[in-house]
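Subject: Structure handover

Hello,

The structure is below, with notes on what was found in it. Please read them alongside the sequence.

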Amino acid sequence: MKCYGVGRFIADPFIRTVKEGQTHICKFGLSVQEQRIENGKNINHNEVFNFVVWDKAAELIAKTRKRGDWLYFEAVPRKERFVKDDVERIVYSFRIVKFMLVDKPPYTRDDHNKECGDDLA
């Protein structure tokens, strides 16, 4: 399964070096906005998701992005299991497979409505 979208960094991305300095990993959260219409009204709902990116892409994102910046992403979900306080826990995140640095969201529901005069409902 692959997902894609545009999100805003909720904090500056953090990069770590692992495997004796050979591999870089960058983890960060993106706020992603869902837009839908309920009872004829536009509803905007923000949700925060965790993302991870590796190697050269990790270096590029860590160097060029900061809190509030936008990122277009294509990602696949990942499930991580671990034990904390004798309780098994599961955390979901998304591993980015493609991305594009953007200055603003490339397209919104309002843009579509202005161009086409209809709804994306």
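In the hairpin of strand 5 and strand 6, two residues sit between the strands, and Asp85 there takes a positive phi near 55 degrees. This is a predicted model, in which local features need pLDDT of at least 70 and side-chain atom pairs count only at pLDDT 80 or more, while totals for chains, interfaces and linings use all residues. Residues are numbered from 1 along each chain as its sequence is written, and side-chain values use heavy atoms, with hydrogens and water left out.

Strands here are DSSP runs (E, at least two residues), numbered from the N terminus, and two of them pair if DSSP finds at least two bridges between them. Ala75 has Ile96 in strand 6 as its bridge partner. Strand 4 (residues 41–54) and strand 6 (residues 87–102) run parallel, joined by two bridges. Phe51 stands opposite Phe94 in strand 6.

The second largest pocket has 13 lining residues, and Lys27, Phe51, Val52, Glu80 and Ser93 lie nearest its centre. Strand 3 (23–38), strand 4, strand 5 and strand 6 each give two or more residues to that lining; strand 4 gives the most, with four.

A pocket is an open set of points on a 1 Å grid over the protein atoms alone, where a 1.4 Å probe fits, with protein on both sides within 12 Å along at least five of seven lines; lining residues have an atom within 4 Å of a point.

Regards
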